[in-house]
Amino acid sequence: MDSPEHRYYRQTLNPYLSPAAVKRWIPVIDEVVRACLDEKITTGRIDFVDDLANIVPAVLTLGMLGIPLAKWAIYNEPVHASVYTPPDSPDRGRVADLQRAMGADLYAAVAQARVDPRPGLVNAVVHADIDGENPPDVEVLGMLSLLIGGGFDTTTALTAHSLEWLSHNPDQRELLSRDRDTLLDSATEEFLRFFTPAPGDGRTFSADCEYAGNQFQEGERLWLSWAMANRDPSLFDDPHSIDLERKGNRHFSFGLGIHRCIGSNVARTVFKRMLVAVLDRMPDFHCDPSEAVHYETIGIIQGMRNLPRPSPPAPAWRRSRRDARPSSEGVRRTGLAEPITAQTDRSQ
Ligand code: HEM
């Protein structure tokens, strides 16, 4: 999608995804993280992908969309599985069924937003002002699918890889936990750079042109590798090493230009809340390398299917004392899924 249409969509989504808008969700994120860890912490066996990093981004994204949180599983498994399942896998049929079920639910949410709007991104996109018109269903569904695809597996991949690396580098894990006030931001950017969860994106040339001595013709496709740019030695010292203190880390993991990730504030916030909760509650976690499963191939996401922490719980692991769970009712009551401008207006 190109401007000016693209600009109208960005203007519609920004009030829901700005730093201030995302900050309001932190208590909800923390509750979901807490519930995920509580579920497993006393058993000692937790799969950081299945039991944490898959769940939190999915539940939060549904909350932001204005879709009941309890439906997260309808959305999460097809998004995750469609990324890691190769086209020739016998599992493709099952994944396609799951995708159809997700599409049907999303379509129902769109239809409902037309007659009985509830705050959130579904409502925002359905009623978006695209140069004086509301978008047709096909575009609404495309935009919502982009938010769901962008919102789920990317943050999952970043979290899984980072936890795996920290598990194998306990001195760095302890350093990060101890000095998190100064290191958490730079470590997050470094994990984003090094693991590049979305390794690249395609572009189509809209006109014949020459770039860097190469001729391109209208209609030709080009793959932009964010992952390669992130390891460019002319931009990053010692690019193949992780340096939690790296300064001036202007990585390309959220892309560049007008299509730069609109969910970067969400991604950073959710990642950090999951990471610090694990550091606090499972300070000595260790993942068994032989049980970690990376995606068979890296297509659109450089992710992991499993990252188990298999041995019995250590004394240092802490169960929280609260039993409350985040609910759609709580999100509705607090007005979290509304755009930040609407909230500001109401308080004036
Ligand atoms: C670590 C997590 C994430 C990574 C690495 C990531 C990466 C990216 C990249 C590289 C792009 C640029 C695509 C292009 O140029 O063609 C992009 C775009 C986008 N991302 Fe993310 N993303 C992440 C999280 C999220 C989240 C949490 C959301 C939603 C809440 C999201 C929604 C989007 C959307 C809607 C676009 C399209 C923007 C446009 O075309 O203007 N992303 N993302």
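Modeller: Helices (H or I, at least four residues) and strands (E, at least two) are DSSP runs, numbered from the N terminus. By that reading the protein chain comes to 16 helices and 8 strands. This is a predicted model, in which local features need pLDDT of at least 70 and side-chain atom pairs count only at pLDDT 80 or more, while totals for chains, interfaces and linings use all residues. Residues are numbered from 1 along each chain as its sequence is written.

Biologist: How should I read the packing of two helices, and at what angle do α5 and α9 cross?

Modeller: Two packed helices are described by the angle between their axes and the distance between the axes. Axes are lines fitted to C-alpha atoms, for helices over the stretch in contact, and angles run from 0 to 180 degrees between N-to-C directions. Here the axes of α5 (residues 55-65) and α9 (residues 137-151) come within 9 Å and cross at roughly 150 degrees, and the two helices are therefore roughly antiparallel (under 35 degrees counts as roughly parallel, over 145 as roughly antiparallel, 65 to 115 as roughly perpendicular and the rest as oblique).

Biologist: Which residues of α5 and α9 meet?

Modeller: Taking contact to mean C-beta atoms, placed from the backbone, within 7 Å, P57, T61 and L65 in α5 meet L144, L147, I148 and G151 in α9.

Methods: Contact = placed C-beta atoms within 7 Å.
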